[in-house]
Amino acid sequence: MSKNFTDLLSKVSQCEMKTLSVAVAQDKAVLEAVKAAKERKIADAILVGDEEKIRAIAAELSMDLSQFEIINEPDAVAASLKAVSLVHDGKADMYMKGLLDTKTFLKSVLDKEVGLRTGKPLSHVCVFEIPGIDRLIFMTDVAFIPYPTLEDKVNMINYTVEVAKACGVSTPKVAPLAAVEVVNPKMPVTVEAAELTKMNEEGTITDCIVDGPLSLDIALYKEAAEEKGALDRKVAGDADILVFPDIHAGNLVYKAIVHMVDVKNGNILTGTKAPVILTSRSDSCEAKVNSIALAAVVATEQAK
């Protein structure tokens, strides 16, 4: 099991190298991450975009472009469609956003002809290595589904379980989060959390252990569970996956951790035919490399 990103990167480097398709690759931060991923044997890459600009940026980075295939397409929309089609056609294993807006990138992901749509809603999974916690923590959804329905949450759990299992967590423990750990009819998220737990017990949600509602402290820390008399909860102190009730809760926790704690993280878009890497321009090179590694382990698992 990968307990941290060092373990995850080591696991990836021992597998057959996957290929990343980058849309509008003339982005310094993305090319820096692609270069690092290649050097660390995490992933190869096909760079789709304005070749002249790609070469100029690569020269600044002392990046040897002879190791990469470059497809010259100066138009951003056309480049995104070409890049995603490489994954759609099996010529690449993962798809990554370069220097284009998120709306255009997602339109390519969902393109009916060459995209990666599955008919299911897309969701977002972020993975954290947090000081004081002896395992990777998987969080969903902090960036994509604003107000997930019960059906959305089932999909979110299934997607994240797939990611966690690819990282070596054999039976992920899932905590649907709320402000409290008891069902309160006046707090609908607690009712839905209990319903998700029941669905898991009845076999509708599989390959994991679901226990909710749980407050964040009880989900992550045994001491908090003991103080609140909740040690009998199936996931108390051992949660691998945190399912947020809405995007506000998820995004606030995500940004608080990223900006206030010395953490390592990576994230991917899920609900697609192949892993999609949708990082923020503010993400560090390390976070981008971690995201590529995360996508690579998922792609390796999907190929089995």
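In which helix is Lys-38 found? Lys-38 lies in helix H2, which spans residues 28-39; helices (H or I, at least four residues) and strands (E, at least two) are DSSP runs, numbered from the N terminus. The model is predicted, so local features need pLDDT of at least 70 and side-chain atom pairs count only at pLDDT 80 or more, while totals for chains, interfaces and linings use all residues. Residues are numbered from 1 along each chain as its sequence is written, and side-chain values use heavy atoms, with hydrogens and water left out.

Lys-38 counts as buried because its relative accessibility is 18% (buried means under 20% relative accessible area, exposed over 50%, partly exposed in between; 1.4 Å probe, protein chains only). Apart from neighbours within four places in sequence, Lys-38 is in contact (heavy atoms within 4.5 Å) with Met-17, Ala-43, Asp-44, Gln-67 and Phe-68.

Leu-61 is located in the loop between helix H3 (51-60) and strand E3 (69-72). With a relative accessible area of 16%, Leu-61 is buried. When neighbours within four places in sequence are set aside, the contacts of Leu-61 are Lys-28, Leu-31, Glu-32 and Lys-35. The C-alpha atoms of Leu-61 and Leu-31 are 8.3 Å apart, and the two residues are 30 residues apart in sequence.

Helices H6 (residues 150-166) and H11 (residues 285-302) pack at an angle of about 95°, with their axes 9 Å apart. Axes are lines fitted to C-alpha atoms, for helices over the stretch in contact, and angles run from 0 to 180 degrees between N-to-C directions. H6 is therefore roughly perpendicular to H11 (angles under 35 degrees count as roughly parallel, over 145 as roughly antiparallel, 65 to 115 as roughly perpendicular and the rest as oblique). Glu-162, Val-163 and Ala-166 of H6 make the contact with Leu-294, Val-297, Val-298, Glu-301 and Gln-302 of H11.
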